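Visitor: I have the model open and would like to go through its side-chain contacts. Could we begin with charges and rings?

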Amino acid sequence: MDETEFWEIIDSTREAAEGDPEEQADLVVDRLVQSDPDAVLDFARHFEARFTRAYRWDVWGAAWVLLGGASDDAFDNFRCWLIGQGREVFEGAMHDPDALAELIDDFDEEVDGDAEELGYAADEAYEQLTGIESPDLGLPQPPREPQGAALNFEDDRALEERFPKLWDAFRP
């Protein structure tokens, strides 16, 4: 499975799920079990590479503004959600996390920003296909700390200055 196929699965399942992250995860599993185990592992590698790529302080700061706070686990779930929004939104956020204000139509912090199940979709599909847990993907270990300059999430003024579009759109 190449990158284009990976994003096609993400995009088509998001559209079919009408933005519901849990439904999208179920649809990804349904799509993946129609392929072979190697393709499922390729999907998992593409997903994990993007999950690691989004492990950045500025992306965490954007999540913090959107969610009104984001613990380690909440940020992990946000990164899954971000991938689930598709290539255009994901790549736009990697270029400039503040651009999420323009890249997402609306955002309900009670529903959006959490797609934990999507992070496990490939594992579930692999286990359904083979009856065993997914093997190690052979990817480098993720960094211990987010990439980039650390942000003080408790400093509203600094967050407003760093993410003016997000702040204006999503904070009172």
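Visitor: Which ring does the charged end of R79 sit over at 3.7 Å from the centre?

Guide: That ring is F51. The criterion is that NZ of Lys or CZ of Arg lies within 6 Å of the ring centre and within 35 degrees of the ring normal. The charged end of R79 also sits over the ring of F75, 4.9 Å from its centre.

Visitor: What should I know about the source of these values?

Guide: This is a predicted model, in which local features need pLDDT of at least 70 and side-chain atom pairs count only at pLDDT 80 or more, while totals for chains, interfaces and linings use all residues. Residues are numbered from 1 along each chain as its sequence is written, and side-chain values use heavy atoms, with hydrogens and water left out.

Visitor: Back to F51. Which residues of α3 are buried?

Guide: F51 is one of them, together with A39, V40, L41, F43, A44, H46, F47 and R50. Buried means under 20% relative accessible area, exposed means over 50%, and partly exposed lies in between (1.4 Å probe, protein chains only). Helices are DSSP runs of H or I with at least four residues, numbered from the N terminus.

Visitor: How many residues does α3 have, and what covers the buried ones?

Guide: Helix α3 covers residues 37-53, which is 17 residues. From first C-alpha to last, α3 reaches 24 Å, close to the 24 Å expected at 1.5 Å a residue; the expected span is 1.5 Å times one less than the number of residues. The cover over its buried residues includes α1 (3-16), α2 (21-32), α5 (72-84), α6 (87-95) and α8 (121-130).

Visitor: What caps the N-terminal end of α3?

Guide: D36 does, with a side-chain oxygen 2.9 Å from the backbone nitrogen of D38. A polar contact is a pair of N or O atoms within 3.5 Å; within protein, one must be able to donate a hydrogen and the other to accept it, and residues adjacent in sequence count only if both atoms are side-chain atoms.

Visitor: And R50, buried or exposed?

Guide: R50 is buried, with a relative accessible area of 10%. The side chain of R50 reaches the backbone oxygen of H46 at 2.8 Å. Leaving out residues up to four places away in sequence, R50 touches E3, F6, W7, I83 and F90, where contact means heavy atoms within 4.5 Å.

Visitor: Now the aromatics. How many pairs are there?

Guide: The count comes to 13 aromatic pairs. Rings of Phe, Tyr and Trp (its six-membered ring) pair if their centres lie within 6.5 Å; planes under 30 degrees apart count as stacked, over 60 as edge-to-face and the rest as tilted. F6 and F43 form a tilted pair, 4.9 Å centre to centre with 50 degrees between the planes. F6 lies in α1 and F43 in α3, so this pair ties together parts that are 37 residues apart in sequence. Both F6 and F43 are buried.

Visitor: Why is the pair of W57 and W60 stacked?

Guide: The ring centres of W57 and W60 are 5.5 Å apart and the planes are at 10 degrees, so the pair is stacked. The two residues are three apart in helix α4 (residues 57-67), and are thus separated by about one helical turn. W57 is buried at 14% relative accessibility, and W60 is buried at 7%. Y55, W57, W60, W64, F75 and F153 form one aromatic cluster.

Visitor: Which residues touch the most other members of the largest nonpolar core?

Guide: F43, F78, L82, L100 and L166 do, in a core of 53 residues. α4 gives the most to this core, with nine residues. Such a core is a set of buried Ala, Val, Leu, Ile, Met, Phe, Trp, Tyr and Cys residues joined through side-chain atoms within 4.5 Å. Neighbours within four places in sequence aside, F43 is in contact with M1, F6, I9, I10, V28, L32 and A122.

Visitor: What does L66 touch?

Guide: Apart from residues up to four places away in sequence, L66 touches F78, L100, I104, F107, E109, L166, F170 and R171. L66 lies in helix α4 and is buried at 1% relative accessibility.

Visitor: Last one: where is E18 found?

Guide: E18 is in the loop between α1 and α2. E18 is exposed, with a relative accessible area of 75%, and has a positive phi of about 50 degrees although it is not a glycine.
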